[in-house]
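Student: I would like to learn how to read a structure like this one, one feature at a time. Could we begin with a single element and work outwards?

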Amino acid sequence: MLGTIKKDLFVYYKRECSWLDIVVGFFRISGFRAVFLYRIGNALMKREMSFVAFFITRIIRATCNMDIELSASIGVGLRIPHPLAIVIGGKSTIGDYCTLMQGVTIGGNGGKVVNGRTQPQIGSNVFLGPGAKVLGPVVIGDNAKIGANAVVINDIAAGALAVGVPAKIVEKD
């Protein structure tokens, strides 16, 4: 888990991180603090210590003003520069080195099921702009960018830029 935590902090410092960097980052960077606490809570959930994990979700809410369900699957290097009003649903999947801006919601849409999934699957190196909403069992491909306040209810191809309500692809790599 230490290697994963160092990769999470690397996206903020852009260099190898020591134990001291982790401690300072925990208190200084609230986005890192939220992901750090998620990692601990997720590990506790996997070890069936859900009672303790429950308190970690409350600490994340109180100190970072965001809601991460500990059963979500989050890859390494998640960057959250402004962790205000972010919601990550419990069955969501987020790939490696993604960036979530303030006000992002990643979650279900009230029951639609596709291939047994009810919540989003987000690829690696994806950028979700401020206020973006990704709802339902959609798939966002690697290296995609979702614009500010976009509402994604359909799949987005890898390398695409999607904007609007509902989100539409305006540019592809």
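Tutor: Let us begin with S14, which is hardly covered, since none of its five residues counts as buried. Buried means under 20% relative accessible area, exposed over 50%, and partly exposed in between, with a 1.4 Å probe and protein chains only. The model is predicted, so local features need pLDDT of at least 70 and side-chain atom pairs count only at pLDDT 80 or more, while totals for chains, interfaces and linings use all residues. Residues are numbered from 1 along each chain as its sequence is written, and side-chain values use heavy atoms, leaving out hydrogens and water.

Student: Which strand runs antiparallel to S14, and how many bridges join the two?

Tutor: Strands of a sheet pair through backbone hydrogen bonds, either parallel or antiparallel. Here S13 and S14 run antiparallel and are joined by four bridges; two strands count as paired if DSSP finds at least two bridges between them. Within this pair, leucine 161 stands opposite glutamate 171, and alanine 160 has lysine 172 of S14 as its bridge partner. The two strands form a hairpin with four residues between them, and glycine 164 in the turn has a positive phi of about 100 degrees.

Student: Which peptide bond is cis?

Tutor: Most residues other than glycine have a negative phi, and most peptide bonds are trans. The bond from valine 165 to proline 166 is cis, with omega near -10 degrees, and proline 166 is found in the loop between strand S13 (160-163) and strand S14 (168-172).

Student: Where do asparagine 65 and asparagine 149 lie?

Tutor: Asparagine 65 sits in the loop between helix H4 (50-64) and strand S1 (66-68), and its phi is near 55 degrees, a positive value in a residue other than glycine. Because its relative accessibility is 45%, asparagine 65 counts as partly exposed. Asparagine 149 lies in the loop between strand S11 (145-146) and strand S12 (151-152), has a positive phi near 60 degrees, and counts as exposed because its relative accessibility is 52%.

Student: What is the order of the strands in the open sheet of five?

Tutor: That sheet has the order S5-S8-S11-S13-S14, with mixed pairing. Strand S5 (99-100) and S14 stand at its edges, each with a single partner strand, so one side of each has no neighbour in the sheet. An open sheet of four strands has the order S2-S4-S7-S10, with parallel pairing; its edge strands, S2 (73-74) and S10 (139-140), each pair on one side only. Inside it, two bridges join S4 (residues 93-94) to S7 (residues 121-122) in parallel, and threonine 93 stands opposite glutamine 121 in S7.

Student: Which element gives the most to the lining of the largest pocket?

Tutor: On a 1 Å grid over the protein atoms alone, a pocket is an open set of points with protein on both sides within 12 Å along at least five of seven lines, and lining residues have an atom within 4 Å of a point. Helix H3 gives the most, with five residues, and H3 (30-46) and S2 each supply at least two. The lining includes Met1, Tyr38, Arg39 and Ser73. The pocket has a volume of about 160 Å³, a volume being the space filled by probe spheres set on the points, which are joined across faces, edges and corners.

Conventions: 1 Å grid on protein atoms, 1.4 Å probe; cavity = no way out; pocket = protein on both sides within 12 Å on 5 of 7 lines; lining within 4 Å.
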